Amino acid sequence: MYAVDMKGITKTFGDTVANDGVDLSVEEEEIHCILGENGAGKTTLMNVLFGLYERDAGEIFLHDKEVNIRKPSQAIDHGIGMIHQNFMLVNRLSVTDNIVAGAEPKKGIRLDRKKAVKDVRRLSEKYGLKVDPEARIENISVGDQQRVEILKALYRKADILILDEPTAVLTPQEVEDLFRIMRELKESGKTLIFITHKLKETMTITDRITILRDGKKVGTVETGDTNPRDLAQMMVGRDVVLSVEKSEREERPVAFEVKDLNVHNPTNNLYLRDVSFEIEEGEVLGVAGVEGNGQLELEEGLMGLRPTESGEVILRGSDLRELTTRERKKIGIAHIPSDRLRRGLIAEFNLQRNMILGSEWDRPFSRRGFLDRNRIKEYTEEVIEDFDIRGGTADVDAKSLSGGNQQKVILGRELTRDPELIIAAQPTRGVDVGAIEYIHGELLNMRDRGVPVLLISAELDELRSLSDRIIVLYEGEIVASLDADAVDERELGLLMAGEEVEG
Amino acid sequence: MNDVLAAIFSINTLAAMIRMATPIALAAMGGTFSERSGVINIGLEGMILTGAFAGVAGSYYTGNPWVGVLFAVIFGSLVAGIFAVFTVKFKANHVVAGVGLNIFALGLTTWLMQVLWGGRGVSPNVNGLPRVSIPVLDKVPVVNKLITNQSPLVYIMFALIIGGWFLLFKTPLGLRIRMTGERPEAADTLGINVSRVKYFSVILSGALSGLGGAYLSLGYLNMFSRNMSAGRGYMALAANIFGQWNPLGGLGASFLFSFSEAVQLRLQSINLNIANELIQMIPYAITIIVLAGAVIKSRPPEALGEHYGTEE
Amino acid sequence: MKKVSRLWNWLKDLSGLTELVYSLFAIVFALIIGAILIYLSGHDALEAYYYLFFGAFGNIYNLAQTLLKSIPLIFTGLAVAIGFQSGLFNIGIEGQLYWGAFTTAVVVVSLPGLSGYLLIPIALFAGALAGGIWGAFPGYLKAKTGAHEVITTIMLNYVGILATTFLLKNFFKAPGPVDQTKGIPMQARIPELFPNTRLTWSLFIGIAVIILVKYLFSNTSLGYDLQAVGANTSAAEYGGISVSRVTVLTMTISGAVAALAGSTIVLGVLHRFITNFSPGYGFTGIAVAVLGRNKPEGVLAAALLFGALDAGKVSMQLFTNIPGDLITVVQGLVILLVAAPSLIRLFSSTFGRGRELIASE
């Protein structure tokens with residue numbers, strides 16, 4: 001008997017087929033992995049199961065009974081709980097409020113807050129999910145927030161739990177803790193569906209794996225019968241080079257230097273304290289750390305997008321700290337922002353207009369404030385060609401491109417300005433494998449041409465394969481500076497979690 | 001100078017303040033509910049106007065001002081319902097739809113006034129609400145001067161504000177409303193019906209604004225005149241923002257606005273040597289100064305003005 | 001039904017015209033509801049709309065009235081649209097146009113000796129400058145303190161109208177019972193296009209400003225910055241655009257354009273400044289901008305439509321006794337319907353292709 005049996009699920013958005021006749025069979029009390037690249041249709045399939053999307057075709061059976069799920073409330077009634085990749089939590093409300101909303105304990109017409117808090121506390125003790133029921137979401141860590149998400153599902157008595165890319169935001173140690181919780185949940189009789197694109201995690205935790213590619217099911221395998229290479233092959237549809245080749249480099253003069261930089265972010269009250277580092281010509285400096293430990297403040301502080309309190313930012317001998325963002329761009333800082341859609345592109349503008357963002361007052365695109373539209377169009381077409389941007393001409397809006405191609409638009413715009421320094425933050429987030437390879441290649445290319453690169457990333461593999469050196473940020477401070485070739489993942493994980501490492 | 005201060009801080013000024021704050025505070029709480037659920041409500045103005053008109057019409061045809069009040073609440077809810085259908089179901093831009101609703105309500109009430117009663121400027125006089133006093137409060141010093149012999153809607157307003165605060169912060173429904181305005185997708189994944197919560201909140205805002213309108217037309221003038229709301233809906237929206245999307249805060253802000261308005265009226269009446277226009281500016285100038293100098297930076301609900309639909 | 005469906009598809013295929021088609025649907029739909037209201041109030045809707053149409057287009061004189069009534073709406077609609085393009089909702093048009101009208105009148109009255117060729121441009125410029133400053137103020141407040149422009153501009157409307165009234169009464173009032181300035185000299189009046197219609201060359205000033213603004217948005221770096229801030233403030237910051245500067249500039253330009261509505265009325269129609277002369281051009285401007293989808297050419301078309309409704313309702317009221325306020329109802333409905341494009345799309349799904357349209361959005 002299957003806990004979940006989905007047959008021939010099809011879901012389209014406009015002309016895009018996100019799921020094309022997908023079958024999925026999940027046994028009771030197993031951890032079943034759905035593996036696939038970004039855009040393969042994993043989340044869409046689960047959103048259909050959870051009732052967030054209405055399917056165009058297909059049938060769903062739970063414990064051998066056909067069900068008709070059209071709304072999340074129906075999925076919840078059938079014992080399905082979903083832990084979303086972007087947590088579905090309200091920052092301003094307490095842990096308890098977030099958990100009980102929609103199924104509140106009542107006393108007369110009031111919400112019985114005392115009982116609610118007690119229920120949450122009991123549940124969190126029962127499953128070993130430690131959180132403070134009275135804390136506000138905005139004041140607790142990402143790992144705690146994830147526990148709240150799991151508690152939300154358990155509070156509703158879910159016996160089928162969907163976890164959508166749950167490890168993306170966690171340190172290696174937190175991942176281990178999550179896996180412990182997942183095993184315990186399985187032993188207490190729950191069925192777990194685990195969505196990921198990370199091969200190593202799949203091999204560690206799951207019983208069976210269903211692979212999706214381009215909205216279609218490729219196959220289902222027993223975890224014990226497979227290996228990462230085969231999985232990668234099924235996931236991408238061709239052989240994948242899992243590591244990049246990086247040329248040897250010799251010591252060269254320092255090109256970019258940050259001394260005792262201090263930044264304060266009042267919204268999350270994070271202080272970036274006395275951050276100092278140097279980057280040589282043709283060197284990639286990686287910045288590791290769990291998100292929210294000062295990466296954004298560093299990125300935006302260096303670009304003048306956020307006020308800095310003290311320190312020096314020196315590019316080839318001159319201090320940038322008094323310069324505006326526009327001036328920093330003009331002297332040659334290329335910036336690939338961590339939040340592509342919020343910062344890097346204007347979704348409603350066409351590619352031509354996106355391509356001149358930041359240089360709309362400069363020659364050759366503008367003369368005395370008047371735009372040279374022919375020149376802009378030519379340039380855009382060149383970049384589309386050179387950077388292999390697919391799915392668009394110069395006249396389409398940026399929002400119609402896929403994530404990978406949007407990132408190539410930003411990369412093209414920033415790298416064709418002859419940069420003196422590249423600040424690349426999360427350059428491959430949410431991007432498919434082909435584009436990742438391309439972006440890595442371009443960044444190494446710039447490195448080989450002598451450009452210093454600051455690479456801020458949450459992907460440890462990316463940091464290790466591209467960087468020459470790695471610094472680790474923890475609570476706004478640099479806690480370690482390491483040679484990229486000599487570092488191992490476990491050590492990096494401990495440093496990111498703020499632990500001391502003997503060394 | 002002493003005359004001026006005495007005029008400003010007299011009991012009469014404060015009593016006038018409470019009177020003038022009543023419709024604004026009611027509509028402001030309407031704005032609070034609507035915006036807490038995520039719908040920007042510029043349309044308060046039109047809802048007040050509709051309520052004022054419906055109140056007079058109800059009283060005119062039945063002779064009973066309380067039926068008028070009922071009409072005001074029903075028709076205020078009705079136009080709010082139209083607004084909700086446009087903003088929630090058809091995903092209209094909230095601000096634009098609100099402006100449209102206000103123009104629609106202005107045209108409709110003026111047109112109906114002429115169709116029903118002929119004149120373009122004002123309606124005939126109708127039976128208004130009686131002034132009442134509350135037995136116990138009658139005996140309390142100071143308070144008795146402030147809120148005795150007021151329209152019953154003044155007392156109802158105080159009760160509703162407290163009830164609204166309780167509903168929003170102490171009940172399951174209130175939690176659902178707040179969650180919807182902050183993060184509708186979170187509410188949805190908890191099985192909360194996002195649209196239904198928004199409909200409820202917007203329609204409630206219409207009922208409250210309609211009641212505020214009834215106070216304008218049946219509470220002291222006992223008739224309807226063209227564009228009677230005269231910008232109170234916008235003031236109410238501002239009061240709601242000042243009040244940090246909290247009914248009690250909205251009441252406080254309404255008091256602030258109407259205090260400066262009451263002072264302005266008092267100053268006009270004691271014949272100072274200052275031009276009327278300058279005195280009339282006071283409430284507006286104070287609003288701007290408070291808004292620009294506000295120490296507390298307001299933090300609106302996070303999903304305010306956004307549309308929710310899972311498949312877009 | 002099949003024919004209608006084919007017609008719909010044909011209209012849809014003319015790319016870029018879709019929005020126009022939606023707007024036309026909105027207008028027709030609103031007029032149908034208006035007709036139902038007319039019928040319910042015991043009048044003949046066809047007759048009413050005949051006079052509405054006649055009053056707007058029936059003869060040269062009526063056509064001139066339509067154009068005349070469109071002129072202030074061209075300016076106020078464009079002013080609102082400029083704000084919207086960079087994400088600002090300028091509801092302060094009314095106050096800005098009062099400052100424009102007042103300043104223009106005062107400048108003309110103070111410089112009576114100049115020739116018209118100098119005086120008219122100077123007076124228009126002075127009016128635009130005053131409105132621009134009045135618009136810049138809430139822009140500055142927003143940039144520096146975060147005070148929301150929707151509320152500050154509403155408040156500044158009252159302050160602006162009261163302030164101009166105060167200045168007029170105390171310093172520039174002409175003798176007599178009416179609160180107005182002296183009449184402006186003949187040479188400062190914008191000449192009529194057709195005799196005895198009061199329709200003046202102001203119409204072409206309006207069209208010229210429309211063209212200028214269109215050029216600003218499509219061909220200049222400044223226009224790019226304005227639209228970038230409106231489309232995505234964070235990305236604009238990332239690109240090094242100063243959002244504060246753009247906010248103040250946008251509100252200045254918007255206020256200046258709004259002021260021209262007042263200035264052209266003073267120089268072309270009233271020939272003096274009178275208190276409370278505007279019947280709400282600023283608020284109708286919001287409707288015009290929305291209907292015109294914040295594009296300059298759209299604003300022009302929408303202003304002409306609203307001008308026609310305004311001119312037509314006079315004759316409708318005169319000949320059929322239906323209160324002209326009914327047309328205000330229709331205008332409000334048009335805005336509501338245009339604000340909700342998915343409603344119109346749903347409407348069109350009765351003709352068979354709506355679902356696809358919704359899905360492809």
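I began with A:Glu475, which I located in the loop between strand 23 (469-474) and strand 24 (477-483) of chain A. I note at the outset that the model is a predicted one.

**Entry on A:Glu475.** I looked up the backbone and found phi of A:Glu475 near 45°, a positive value in a residue that is not glycine.

**Entry on A:Gln426.** I turned to the loop between strand 21 (421-425) and helix 15 (433-448) of chain A, where A:Gln426 lies. Phi of A:Gln426 is near 45°, again a positive value in a residue other than glycine. For its accessibility, I read a relative accessible area of 8% for A:Gln426, so this residue is buried.

**Entry on A:Pro364.** I searched the loop between helix 12 and strand 19 (366-367) of chain A and found A:Pro364 there. The peptide bond that joins A:Arg363 and A:Pro364 is cis, with omega about 5°.

**Entry on the interface of chain A and chain C.** I next examined how chain A meets chain C. On the side of chain A, 30 residues are in contact with 22 residues of chain C. The two chains bury about 2100 Å² between them, and 53% of this area is on carbon and sulfur atoms. Which residues of chain A lose the most area to chain C? I noted A:Arg343, A:Arg353 and A:Trp361, which together account for 23% of what the side of chain A buries.

I counted one salt bridge between chain A and chain C. A:Arg343 forms this kind of link with C:Glu237, and the closest N and O atoms are 2.9 Å apart.

**Entry on the elements involved.** I listed the elements of chain A that each supply at least two residues of the side touching chain C: helix 10 (325-330), helix 11 (340-344), helix 12 (351-355), strand 20 (370-371) and helix 14 (403-415). Which of the elements gives the largest share? Helix 11 of chain A does, with four residues. By residue class, I divided the side of chain A that touches chain C into 12 nonpolar, eight polar and 10 charged residues.

Note on methods
Residues are numbered from 1 along each chain as its sequence is written. Chains are lettered from A and ligands numbered from 1 in the order in which they are written. This is a predicted model: local features need pLDDT of at least 70, side-chain atom pairs count only at pLDDT 80 or more; totals for chains, interfaces and linings use all residues. Side-chain values use heavy atoms; hydrogens and water are left out. Contact means heavy atoms within 4.5 Å. Buried area is the accessible area (1.4 Å probe) that two parts lose on being put together, summed over both. A salt bridge is a side-chain nitrogen of Lys or Arg within 4 Å of a carboxyl oxygen of Asp or Glu. Ala, Val, Leu, Ile, Met, Phe, Trp, Tyr, Cys and Pro count as nonpolar, Asp, Glu, Lys and Arg as charged, and the others, Gly among them, as polar. Buried means under 20% relative accessible area, exposed over 50%, partly exposed in between (1.4 Å probe, protein chains only).
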